[in-house]
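Q: Please take a close look at one part of this model. Then set that part against the rest of the chain.

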Amino acid sequence: MKILITKVLLFCLISSLIGCSSDDPEEIITEEPDEVVIEKQKITLNTEDYQHQFIGGGVSIGLFMGHHYSMNEVAQDKAIQLMVKDCNMKYLQDYIQIYPSDDPPYFDRRANYIKAAKRYRPEIEFSLVGNKFPDDLMVEQIVDGEPLQVLDTEDPEIYNRLANWFFELFKGFHDRGVSTEILNVVNEPDLDRKFRKYHYGLNGDTKEAVARIFKYAVPKFKEMLNDPAINTTNMPVPLIMGPSTISPNGGLDYIQFFKREHPDVWDQIDIVAVHQYINGANEQVFRLIKNEAGEKPVYQSETHALKGDALGFVTADRPLKAVLSLSNLFCTAVRNGVSSWWYFENNYPNEFHPGGLLSVPWAAPEPVPYKHYYAFKQLTSAQPDSSHVITHETGNNPNSEIIAFRKKGQDTVFVHFSNYSQDTKEVSIFANNLKIKGYAITTTDEENNGVLIASEEYQSALDSITFSAGRYSVNSLKISIVNE
């Protein structure tokens, strides 16, 4: 803050002009506003350097489904629209531990949610996670004096029984009018907790235990689907996804283990999946995963804000920091090879919770998007689905994240620029040898939630555009380009 001190003569002059007085006119102190610090950033878009495609987002529906149905039907419909009509939601994912016959209304509710979503976006696909085994497949094991429920790998029929449970899960949804496109076989096997280490059986030899599920249960499940005497309703064989580790580092470890020790397991996997809860901002690991995956697509199949990011230096309040955290995780993953990015949950009952996208307390009058919902919507849905990630050139700026998309054959580029700094950044964008015809900017920051803050169309195309990215902001630009 600048402090200006004026002497008596100046004080008297000002006093005579404005009619004020003072009993002790030795000095008067006035304050000037804080100086606004503006950093400059130049971005050059490589508009023809098409990388992998980003097909859209995903979200889990495993928790608090009762809260969704506790709202009236109008509010339920609004929640569905916020999730799947207003966002480019490509996948819904569920985690189920029982057989359909154990609780038919439970399966009814979840199937009805998916069918409601498909009314707005018929192309949505459904993923089932197969790691929460039902009780009849588990056995108690005492580990260091602690009783744990683990997969009964001492049973010689366990993998056939596991395959049968997969089949029953799929049939439970199919009978309710919902197809299942993906079996996400396991979940976070690299989590360093005793209950997870022993969960898959084999006395805690987790990697080998997980490999055996892919090696024996998954082929048996496919065999059942391919047998018309068993699969009388003609359910299709799903894509197989894994290993869905809690961190990209664990994902790389499991992928390399499968390729080295169990090539047949690696062959079973159609979609490579990891999470970002731990070390989620490590760009190098995502690049290594993409390289190991080869032609197989890489998905980030579950994560939420305020975990695994690289924003320990940010001092914003939690809702705003969740916006920036989500951006940091998304940009790290998608810029480095991820083709679909999934959030942990559709809704939470809390006023604020980084795990969900919507706030839905019990019997809420309507769903309320969390602040980070708007960042999710901008980043996953501003560009058309199946847009290609394109590369860019920029100066050193470790507090900013940039990701850019272009769909082949379209004269529009989408740029997301996130400012993780408390200072404003003046950003200039160039598009190689192309000209810029116009732009629109949508922003989420301290004051705005997904608000269109500027747009302009030029009579004559320009070489570049410049805009101000405010402190702690996620800015999504839709830029029209022409070849002149």
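A: Helices (H or I, at least four residues) and strands (E, at least two) are DSSP runs, numbered from the N terminus. The model is predicted, so local features need pLDDT of at least 70 and side-chain atom pairs count only at pLDDT 80 or more, while totals for chains, interfaces and linings use all residues. Residues are numbered from 1 along each chain as its sequence is written, and side-chain values use heavy atoms, with hydrogens and water left out.

Two strands count as paired if DSSP finds at least two bridges between them. E14 pairs with strand E15 (residues 356-359) in the parallel sense, over three bridges. Leu358 in E15 is the bridge partner of Asn347.

The loop between helix H12 (371-381) and strand E17 (387-394) contains Ser386. Ser386 has a positive phi near 65°, and is not a glycine. Most residues other than glycine have a negative phi, and most peptide bonds are trans. With a relative accessibility of 24%, Ser386 is classed as partly exposed, a class between buried (under 20% relative accessible area) and exposed (over 50%), for a 1.4 Å probe and protein chains only.

Leu202, in the loop between helix H6 (194-197) and H7, has a positive phi near 55°. In the hairpin of E7 and E8, with two residues between the strands, Asp144 has a positive phi near 50°. Strand E7 (residues 138-143) and strand E8 (residues 146-151) run antiparallel and are joined by six bridges; Met138 has Leu151 in E8 as its bridge partner. The peptide bond from Gly242 to Pro243 is cis, with omega near 5°, and Pro243 is located in strand E10.

E10 is also a neighbour of helix H8. The buried residues of H8 pack against helix H7 (206-225), strand E10 (239-245), helix H9 (263-268), strand E11 (271-275) and helix H10 (283-293). Those buried residues include Leu252, Tyr254, Ile255, Phe257 and Phe258. Helix H8 (residues 248-261) has 14 residues and spans 20 Å between its first and last C-alpha, close to the 20 Å expected at 1.5 Å times one less than its number of residues.

For the chain as a whole, there are twelve helices and 24 strands. The C-alpha atoms fill a box of roughly 100 × 60 × 45 Å along the principal axes. Of the 484 residues, 54% are buried. Among contacts with a separation of 6 or more, 74% join residues 24 or more positions apart.

Conventions:
Contact means heavy atoms within 4.5 Å.
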